[in-house]
Structures are given as structure tokens and as C-alpha cells.
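Please look through the sequence and the structure shown below, and keep both at hand while reading.

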Amino acid sequence: MATAPAVVSAPRPLVVRRAVNRLTLPVLMLLPALIIIAGLVGYPLVRTIYLSFTDTGLGELIYGGSTWVGLENFKEVFANDRLRVALVNTVVFGTVCVIGTMVFGFAVALLLNQRLKGNLFFGIAVLLPWAVPAIAASAIFKWLFDSRYGFVNWALVNLGFDSFQDYAWFAGRFSAYVAIFITVVWQSFPFIALSLLAGLQTIPKETLHAAAIDGAGPWNRFRLVTLPLLRPIVAVLVVFSTIWDFKIFDQIYVMAAGVPDRAADTAAVAAYREGFALSHYGLGSAVAVVLFLILLAFSLLYVRLIGKEGAE
Amino acid sequence: MRWLLKRGWMYAAMLAVSAFALFPIYWVVITSLKPRSEIYTRTPDLWPSDPQWDQYPRVLGEGHVGRALLNSLIVASGTMVICILVSALAAYVLARYRVRLTRILLVLVLITQMFPLVVLVIPLFVTMRKAGLLGTYWSLIITYLAFSVPLAIWVMRGFILSIPDELEHAARIDGATRLGALVRVVLPLAAPGIATTAVLAFLEGWKEFLLALTFINKEEMKTAPLILQTFVGRGDTDWGAVMATSVLYTLPIVLLFVLARKHLMTARTAGAVKG
Amino acid sequence: MRKFSVTVAGLLLAAVVAACGGGDDEPSADKAAGSGSLEGSISVWIMDPGSPKIQDVVKQYATDFEAAHPGTQVDIQFVPWAQAHDKFVTAIAGGEVPDVAEMGTTWTPEFADQGALVEQQAIGEGQYVSSLVDAATLNDKVYGKPWYAGARALIYRKDLLEKAGVEPPTNWDELMAAAKAVEEKVGGGVDAVGFTGLSEHMYLPTIWQAGGEIATQDGDTWKSALNSPEAAQAIDFYASFYKQGLSPKAAVGWEEPDAQTAFANGDIAMLIAGGWGYNSIIATKPELEEKIGTALTPAGPSGKGTAFAGGSHLVQFQESQNKELGAAFVDFMLEPEQLNKFTSEIGFLPGTVDGIKASGYLEDPQRKPFAEQLLDHSAVYPPSPKWGGLEGANIFDGEIQKVMKGQETAQEAVQNLASKMDEEFAG
């Protein structure tokens, strides 16, 4: 935070300025951000990783004295049925959410970019779901999908789908995931749409005009001009979407509670249950670490893709 | 005629998407106005028969929602302002300089996002306690920054990357300093990215529940998501009040969106550059 | 404003002292009545009662107490129920705890076991609801004072049972018969009972009613007692209602509030709920009040109609800097008149016997079964330090749901549960 004033100082002699420009400036600019992040988030991360190699109950958490168990917890994560299923759920459901959000968000961004009549209203409408906290959204959608008093079943029955009378969305894993998927997309698409819209608008009009003059139709313009130019932004959004959707907690915790045997739990919820509920802090941390490793693998993949772009 | 066909389906799509986005919110609004007996009914009432408008003053006054909204405003604004400052600079550096560590730094920055918050809560609590910040606005602002700045850096870096170097070079040839070029040339063009980041950071501070719950105990300091719990008792929830609070809680965001919209949706394109 | 509350507090105190002046000597009453040696400040965690109005009742305790003891400061902080257990863990592990807190009865042994709570000395015989004192006992030491309590009894629609031609059931056989009659004769989409798959407090007590136990203590260790014919019979009985279509289809995934809603909307005829549920139903649909009847929980084959006694203790933390003030405030809150101000609002009963007598429940025919159920026919879950964790992880729901859906027999379910419980008790 103190860097800004340091840079905006009285004009320095040319020589010094060049030297400062070369390397110190970038480092100085980065420092405050990195220090805050490293310190604040670093300690809990390191501690969680440490805990994942231990057997820690509530007592050990308070007073210390955890026993080191090496990879035992990790073996348990893959051996235990429920935890393994939670990991699979996380990857599959998370991926579906990311695809859904990106596709829907992109479509909305394109619509917004058309600047049709009523764009202002449309723009605000589309942003509103973003303002709602995850817990509130989960409660609202749980209510909308309620088997007896929810709007969704009432509407479906009125549209002729009688099998949805009293249909219990949250009693089974697949149907619960459908409802949760809609909730997650509803909450997440505004940010994606907004970011992509901003990206669309930074595409130089000249380039598109040039392509049109060269005979490219709208689809080709989209495919050959727009998409490639948007690739960095899309890549960033996919990475973050993946990270968020793989670690969602509130929606699953609130809406999947009724699924028998916790079969719809994702990794984050499983980690929470093992930790806070069952006091197996070591095992819960191990689940979180496995989730982290999965996300790390995804991200490294993407960073490599971006790396190719960034070098241009 | 062809225009109608081409545009017509787009208008239909806009309508459908708006309905999808707005319906749950509409539901919240009407539920906030329904008397208790109407909330749990078999055939959903699409409009309350007896709107309980007094729910709102009640919730604001008795329920201390007004005070909570103010707390949320302070925390969210603080997060937003500092986040923009810090991440704009960092993003610029990472975008323009081929710092060899860029890729590693980017991955490190991602790592901070990869753990579910529930797992990190206890160590964060300990940190804040040792720093003597428990129960203060700063405990929340600093933590929200730790989570929003990495994302902001990434997003803005993406935007800055798509702004050609030539513009800055042109400005510097004309005599501007690097920072001057940054402020006068790059930032305006990156306005949509900055606006997006601003909204993102603000929302992080506005919406967050778990950390606020962990760090804040005093009633006077509670933020809006926490104050919702006032109406949730032991198995018996005052849904009308919860929904009314949710509406009041969403209104400032609507205002924010309307204000930021100009920057979010319209961009001075790079058509400012010839060639 | 201050003068007014001082006057009110003074009058209240006078009334209280006069009321219990003739009773047995409570050291805490002496402290409250005359000591000027209390000073300092304490923080008190109370669970969100669900409305600003009730919050004010609690905050008034602080105001009145401060007025009676000038120089003291009591800071009431409200904590959401759903996250309270986590907040306690975080506070204890993180090293910053309140002085006094309301604690769910099933959590008290867990935190006492960690050495986080102060032992409560002045627990006399017959002063508190005994099952709740049991819930706070670890190794023969009591770590919390019962604040309020509630036991679930039977709530039924008088008109629907009449239509079906049955009397309110008093035991399992009558319950099953009544349910079948209602299902047959009432029609209109009304189901007989609202037994849900996620309500521990509905299905676990059936085990007691069948004559079984949930867990037993052998010296220091607890062992599950679920792997027994009684437990299997109980779970089988409970699930049979759902399997025979006597419950709504969605009930397998319902929590208690869902069942209460269904009852309020006239979708089910019989419900297991407590006084607070009763209050909630009447508040939602006032016209139901004259149509609802209340009775004790139907007794099982063992002759026992035991229900779960839930509630909260008032506890003090070891790390508290001002235990004296905390103890005084706790005792202030436990005075019958103070107590009833709060419990009448939330629909629970006081945890003290004197409080219950002063509550008026025993004189109110609609509410009397709740008081009786609590005093005479209630029990608590095994007060093992691990119980809180078992509850938190919802080990039981999944198995019960499987039995309800016919994916498992009751035998298999209780066997699975017993082994999971033993795993947790041991590790």
C-alpha cells in the first residue's frame, strides 16, 4: 500500500529513473500484494497440509500433540467409500457446472454485446443473481424445488408433467445435483457473462470490419477473430470457475443434506464433516489436500496453455 | 422481415434469460410481503393477498438490519478500494514484464484459492487473535483482500494483455513516465476489467458469511449476512423477515450495478489507436 | 430509561427474594441479593432465538443484572444455532472463549472432556430436570446447569382422528391402527403420520420405547447398544409407516420443520413434536388451535413412552477471566421468573423444577403433556464426549433412510450403526 506514493515522487535524474525502471519497480509494485497474501493465507495452508499427515482430534487441536501418521489419512481418503465417492462427485459435478456456466455465460455476453433495445434492463437483470450470497441462494432454490410447496413442481405439473407431483428433488443424488446445478449456474453466470462482455468489447472493431470486408460471415468472424482474441480471458475464467465449482460448500451442504448416506457430498463438505463434526482433523485436512492437488493439476495444465499465449 | 427473424429470437432469448435471472429474486420479494400463513401453501401465490409492508421498517429498526448494512458497506468498500489499488499495479507488472517467475507466481496466486474456506477457518482465527484484530472491520477486510487480490490480478492481467504495448510506447515517446502511461492510457482502456474487479471485490466483502461469523461476535459489528440469522430460531424461521432482509441487502448492489454499468458494459475500444 | 430499569430490576429482585426467601439456601441467591463485590465484565453467548423481540428479552437480563450490580458489564452476543458448534470449536481451539454460553445439551460432555468447561458445584437434588443433569455429567461431575428443555410428545388433529373413528393412540399398536384408519378413511391426500428420515429425535427414542438402549458405559468407555433385537424392532416399526404409505412420499428426506409445515397445512394427521413446534404451528395457522390435541408419546412394547429431552445448558468456560461474575449471572438467569420470561417466548420449558411449576404448563390442558413428558418420560442420548460428533456427522440418518426405502433391513441398519458408533467411541 505504501508503494504508490513511493513511485509518484518528484522527478528523478534520468539515469536513476532508468535503473529503477528496469527491475526494482516491478518488484516493489508486487511486494505489498504478495506479502499480504503469503502471510495470511500461507499459514493456514501450510498448517492444513501439516495436519493432513497427522491424527488430530479436538484435544490435539487445542493443546497440540498430534501423532504423525504419514500417508495413512491419504490412504483412508481413497479406501473409504464415502470419501472416494465425494471426490468423484466433486470432479464430475464440478466439471458439469463449469461447462454449464461458461456456455450460458458466453451466450449471455454475446446477447449483451448486441446492444438491443432494453439492454440496460437486461444488463441489470443478468447481474442481480451475482449479488445474492451462496447461503441465501441455496435456501431460495431449496424452497423453489421443494417437493410440495415449491414453485418448480407446481409449474411442471401445470405444464403437463404429472410425474412431478410432489417430486422430491433432494431425495436422490442425481435429481439433487440437477437442482444444485441450476442454482450454481444461476449464481455464477453473471460474473462470467460480465467478464466475457468486457472482453468482447476490447476487440478492435477494425479487425472485425476487416474480416467482414474480406468476406467472413458472422460465424467465421466469431470463430476466427473473436474466439482467438478472447482466449486469454476464457482461459482465466475457466481456471477460476473450475476452482470455485470444485470447492463449493454452501449449496451442497444446504441442499444435498437429504440425499441418503451423504451420497451427494463433495470434497469440501466431506472435509468439513470429518473435521468439525467428527473431529478427525487430520483426515478432513487430507481430503482438502487431495482436492487441492486435483485443482493444482488442472491449473498447471491451463497455465501451460496460457504460457503459450503469453509468449506472443 | 428477415430482421425480425434474426432479431426476434434474440429478444426472446433476452426475455427468457431475464426471467431465469429475476424469478428467484422476485420470489424473495413477494415472500417478504406474505403473511406467515401464506408462505407455506400448496399452490404458490404469485402475489401476496395482504402485503405486509411493515416488515421492512420492522426489520430495519428492531432487527438492526440498518446497522448491519452499514457495517457491510464499510467492509465491502474498504476491500474494493484497496483491492483495486494493489491488484492493478501487480497485474500491470505481471502483464508487461517478462518476469521469469511470472508463471510460478501465477500458480502460487491460484493456490491461495484452492482450499475450501471451512478448512482454513481455525488458523485464520488464530492469526487474527494474535494480531489483536478479532471483532474489527480490519480482520475482515484484510482476509477478503487475501482472497480477492489474486483473482483480481489474474483478471486484470488478462485485460491488460489484450491492450497493445504500442499505446504506452506512444505515450512515453510523448514524454509520459511509465506510471503516467499506466494511468493515462492503460487504465482507461482497461476500465471494464477494473470495473469488474471492483464489483468482484465489493461483492466479496458484501456477501461473505463464514469469516464474518468466525471473527465477529458483537451484535453492533455484525455484517448483513450475519444479521439474517436473527430471524432463524431453533427450527422455526421467520421467513418473511429473512426475505425482507435479503431484499434490503440486495438493493445497494442493484445501485452499485446501475452506477458501474457505464464502465462495465461500455468500453472505449482500442479503436483509439490508428493502425 | 436507566431509572426505570433500576426500579423494575429492584422490584423484580424483591419479588424473587421474597418468593424463594423461605426455600432452601442457595448460595447464588445470596450473592445476587446483596453482594457489592461483583465487578468486571463478561461476554455471554446465547443462540439466536429467532426474533428481535426474544433477543430483547435476553438483553433485558443483562440490563437488569447490571442495574442490580453497578459496575458490572454483561455483553450478550447471539450465535446462530446451525453454526454454534463450529464456533465453539474455533473459539476453544483458537484460544478466545466467552465467559458464559448457552450450550446444546449434546455438546456439553464433548467440550467438558476437553477441559474447556468449569465444573458446576451447586446442583441440588430435585432442583433440575434430572435427564438434563445427566446430559451434563461426565465422570460424575456436572458441567452445565440446565437452562431450558423440551420433550416431544404427540400432536394430532382431533377432527381427522374422529373422522377415522379412532382415539388418540397411547401405545404402538394403537398408533399403527390409528394410522391405518386415518389413511383409509380420511382421504383427500392426507397422510397419517409425519415420520421423517432426517429427524433423529423422532426415530432414536423409539429404541427406548422398545426397551433398548442406545449406548452403555463400561468404566471409561462407551459401547453401542444398537445391535439388539429391541433396537431392530424399533427401527423396523418406525420405518414401516413410511413403507406402508402411511407417511408422505417426500418424508424420507424431510427434517422436522418440514413435517411441522405439513401438519400445519393439514397434510398429516399426527406428529411427534415439542411445545415449540406446537407454538409454531398455531402461530402459522391460528385456526388450527381448536382442532389440535396433544398427548404423551405412545408407549412401546416395553411400556415406556420415552421421548428425547433436548435443551440447553448454561456453561462457563475455564478460560474465563471472571468466573464469579459469570456464575452470578447464570444463577440470575435461572431464577424462575426470569427463566419463564424467556422460555414462554420460545415455547420450551424451564430446566429447573421450580421453573416448570411456575410456568403454568401443568395447568394448561393443551400444554400439560409436554411438561409431563419432560418431567416423567424423557431421557437423553449417551452423554459421551463423542456423541456431539456422531450427531454432527449425521451417521444415523443415512441408515434410517435406507430402511425406509426398503434398501436395507432394520437388522442390517442397526448393525451398521452399532459398528460405526463403536468406531467413533473408540477413536
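## Two domains in chain C

Chain C is divided into domain 1 (2-150 + 310-371) and domain 2 (153-308 + 381-426), with bounds that come from an automatic or database domain assignment. This is a predicted model, in which local features need pLDDT of at least 70 and side-chain atom pairs count only at pLDDT 80 or more, while totals for chains, interfaces and linings use all residues. Residues are numbered from 1 along each chain as its sequence is written, and chains are lettered from A and ligands numbered from 1 in the order in which they are written.

The centres of domain 1 of chain C and domain 2 of chain C, taken over C-alpha atoms, are separated by 30 Å. Between these domains, 20 residues of domain 1 of chain C are in contact with 20 residues of domain 2 of chain C, where contact means that the C-beta atoms of two residues, placed from the backbone, lie within 7 Å. On the side of domain 1 of chain C that touches domain 2 of chain C, the elements giving two or more residues are helix 5 (108-113), helix 6 (130-135), strand 4 (137-138) and helix 16 (368-376) of chain C, and the largest share, three residues, comes from helix 5 of chain C. Helices (H or I, at least four residues) and strands (E, at least two) are DSSP runs, numbered from the N terminus. That side of domain 1 of chain C divides into nine nonpolar, seven polar and four charged residues; here Ala, Val, Leu, Ile, Met, Phe, Trp, Tyr, Cys and Pro count as nonpolar, Asp, Glu, Lys and Arg as charged, and the others, Gly among them, as polar.

## A covered strand and an enclosed helix

Strand 7 (residues 153-157) of chain C is mostly covered, since five of its five residues are buried; a residue is buried if 20 or more other C-beta atoms lie within 10 Å of its own, exposed if 12 or fewer, and partly exposed in between, with C-beta atoms placed from the backbone. Strand 7 of chain C runs antiparallel to strand 11 (residues 268-273) of chain C, to which four bridges join it, and Leu154(C) stands opposite Ile272(C) in strand 11 of chain C. Four bridges also join strand 7 of chain C to strand 12 (residues 292-295) of chain C, again antiparallel, and there Ile155(C) has Thr294(C) as its bridge partner. Two strands pair if DSSP finds at least two bridges between them.

Why is helix 13 (residues 323-333) of chain C largely enclosed by the rest of the structure? Nine of the eleven residues of this helix are buried, so helix 13 of chain C is largely enclosed; among the buried residues are Leu325(C), Phe329(C) and Met333(C).

The secondary structure of chain B comes to 13 helices and zero strands, and 53% of its 275 residues count as buried. The C-alpha atoms of chain B fill a box of roughly 70 × 70 × 30 Å, taken along the principal axes.

The contact between these chains takes 79 residues from chain B and 81 residues from chain A. Several elements give two or more residues to the side of chain B that touches chain A, including helix 4 (65-96), helix 7 (137-161) and helix 10 (191-207) of chain B. The residues on that side of chain B divide into 57 nonpolar, 16 polar and six charged.

Where is Gly193(B) found? Gly193(B) lies in helix 10 of chain B, and is buried, with 29 other C-beta atoms within 10 Å. Leaving aside its neighbours within four places in sequence, Gly193(B) is in contact with Ala198(A), Val155(B), Met156(B) and Phe159(B). Gly193(B) and Phe159(B) are 34 residues apart in sequence, and 6.1 Å apart in space, C-alpha to C-alpha.

## Chain C against chain B

Chain C also meets chain B, with 27 residues of chain C in contact with 26 residues of chain B. Helix 4 of chain C gives the most to the side of chain C that touches chain B, with five residues. By class, that side of chain C has eleven nonpolar, twelve polar and four charged residues.

The model scores ipTM 0.84 and pTM 0.85. Chain C averages a pLDDT of 87, and 91% of the residues score at least 70, where pLDDT is the predictor's confidence in each residue, from 0 to 100. Over residues 1-35 of chain C, however, pLDDT stays under 50. Where pLDDT is low, the predicted coordinates should not be read in detail.
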